[in-house]
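Keep the 3D view open as you read.

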Amino acid sequence: MKLLLVILIDGLVYSSWLFLVAAGLTLIYGVMRILNMAHGSLYAVGAYASASVVGWYYATGYPPAAGYALFIFCAMATGLIAGILIERGILRFVYGKDEVIILLVTYAVLLILEDAIKLIWGVDAYFAIQPYKALGRTSIIGVPFANYDLALIAVAVLVGFLLWYGLNRTRHGKLLRAVIHDREISMAMGINVPAIFAATFAIGSILAAIAGGLIAPSLSVVPGMGIEVIVIAFAVVVTGGLGSIGGALLGSLLIGISRAAAVHLIPQGEVLVIFVIMATVLAVRPEGIFVRAKERKI
Amino acid sequence: MSRGKDRTIPLLTLGFSLLLAANFVMPRWLSFLVMVSLARSLVVIGIVVLMRSGLVSFGQGFFYCLGGYTAGIAGNYFGITDISLTLLISIAISVLAGGLIGLLLCNYREIFFAMLTLAVSMILYSVIVKNPTLGGSDGFNVPPPHIFGISPAMADPGLSLPAVTCIVVYLVSVLIHRYFKSGLGYAGVAVRLNEIRVEYLGASPKVIVYSKYILAGVLASIGGTLIAYATGHVDPELAYWTTSGEFVFVGLLGGVSHVAAPVIASVLFQVLRSYALDLAPYVWQMLLGFVLLMIILFLPEGLWSVIARLNPKRRGDESAP
């Protein structure tokens, strides 16, 4: 019973983190048909930004509570700036090319960003443990959980709700859904598709950076952290169905909880279980759980 | 095919014979560099086989690593150091692994194929890193090979291993050239251009992609085995995404319209890499990124298209993308 609870809560924490990363990736793909391989690097940029702000802020001795708002804001701001730079500087020149070609372009962006991170922040690990420790722990039927981790679940729920509300209950969301449904018709109807693209990429980048920024206090921020993330995030979105936010949610819950179960029951299978689930789902539903098969065009 | 005789095979023979002869007079560091780039070019040829069918694999490191570890494990645990035997074993293993994974992958194209191959190689990477019996993240040393029963201590290893590599790569490039000009080779181009037409013609795109995935895997594992003997060491880096990514880069750099393109690009890449990593280790990937962008935007058919443009007879090769 206790073990089950631990698995469930650990799984939810991990799922929340996965969802934050995967939501941005799947949103960008849904709207722009671009699988952004540099998404993990944007996540790393967010993590570095928040780790350095935390390091600086907690050394000054100002009230720690304001630190949370500050490091989350800084992660978002860096994500936004990096996203705009990438979209305006590189991606807009390759719109309309093959999906694979654009994948290679984002791979080039990934290579550039990975070294840019090393040039800006160096190759040593950053630690930003203060916000994580300051929140303390809560005991749930005798098992202590870090409050910071529990708060992460709340943040993921909030972000998920905002995304759902933005997409389904606002005018801009309606425009976005129109573009997801059919890009050419939307253009013909007078929707400013380039502006929608720019905005989507910026939102996706902010989501990646928030995920990185929030996770930074609970681990060490090191070069190369973005790559594992993009591989796992891809597994999540492809399990749920590429381009679907609901799919990202389902995928992250499925994979997050199974991974937590693996960590407690068969620790060697921690990474393997993620891909076993992905392969199983894909063997039954090749397009993922939430996406219908594409119609074939001659 | 009315554009004159195909002189590729005589030219390949000439080129590789010269390389083989040069091996005996080149300084050791140069012949090592050539050996490494030739071994790696096998992986790139595999990438090119897939690219001609419109598929980009970000996970050839998987097979590269399998090949390398086959040499290492055969030598350390079973005492098998004969290079012809280990090459056969790694071919068998890669056919098996590729045949199994290919069952899932042959349903996917484009970005799905790219990302799933990446996932496969990252699984192998994490399995090896977490497994101390496979050497963990340090890997292990590979005992020096025997070549057809002759101990390398007797026949100078600095000469014989590059020679073997050279011969293997020569044989592979002749075979692959023939393959490109065969029905199955052109079937790949047809899959890239229009898969449904291929089906209407009575061929199965899935089977074509499946066979090409296995072929590319076999080539990569041969490359991995050779590189393991060349460097005398294997580690999980062989399966890491940067390794696979470099192969994709070299494939794009050379272009896909001729089998010699990946070989030439691979040598060029290795030379640049050894200087760049010395001079500026922290901007090497950034440099790769910028060059990759330039290639995609301005030279989508790779360096080979520059060579082809100089020779008007080769213009308009129908297999170029």
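Two residues are in contact here if their C-beta atoms, placed from the backbone, lie within 7 Å. Bear in mind, too, that what you're looking at is a predicted model.

With that cut-off in hand, go to a pair of helices in chain A. Gly166(A), Leu167(A), Asn168(A) and Arg169(A) in α6(A) meet Gly173(A), Leu176(A) and Arg177(A) in α7(A). Sorted by class, this contact has two nonpolar, three polar and two charged residues. How do the helices sit against each other? Two packed helices are described by the angle between their axes and the distance between the axes. For α6 (residues 147–169) and α7 (residues 171–181) of chain A, the angle is about 80° and the axes are 5 Å apart. Angles of 65 to 115 degrees count as roughly perpendicular, so α6(A) is roughly perpendicular to α7(A).

Now zoom out to the whole of chain A. You'll find twelve helices and two strands, and along the sequence they run α-α-α-α-α-β-β-α-α-α-α-α-α-α. The radius of gyration of chain A is 19 Å, close to the 19 Å that the globule rule gives for 298 residues, so the chain is as compact as a globular protein of that length. Along its principal axes, the C-alpha trace of chain A spans about 60 × 45 × 35 Å. Of the 298 residues in chain A, 47% count as buried. As for who touches whom, take the contacts in chain A between residues at least 6 apart in sequence: 77% of them join residues at least 24 apart.

Last stop, the place where chain A touches chain B. Here 32 residues of chain A are in contact with 26 residues of chain B. On the chain A side, α4 (99–121), α10 (225–240) and α12 (272–284) each supply at least two residues. Which of the helices gives the most to that side? That would be α4(A), with 16 residues. By class, the residues on the side of chain A that touches chain B divide into 26 nonpolar, one polar and five charged.

Terms used:
Residues numbered from 1 in each chain as written. Chains lettered and ligands numbered in written order. Predicted model: local features only at pLDDT ≥ 70, side-chain atom pairs only at ≥ 80, totals over all residues. Helix = DSSP H or I, 4+ residues; strand = E, 2+ residues; numbered from the N terminus. Nonpolar A, V, L, I, M, F, W, Y, C, P; charged D, E, K, R; others polar. Axes fitted to C-alpha atoms, helices over the stretch in contact; angles between N-to-C directions. Parallel < 35°, antiparallel > 145°, perpendicular 65-115°, else oblique. Rg over C-alpha atoms; globule rule 2.2 N^0.38 Å. Buried ≥ 20, exposed ≤ 12 C-beta atoms within 10 Å, placed from the backbone.
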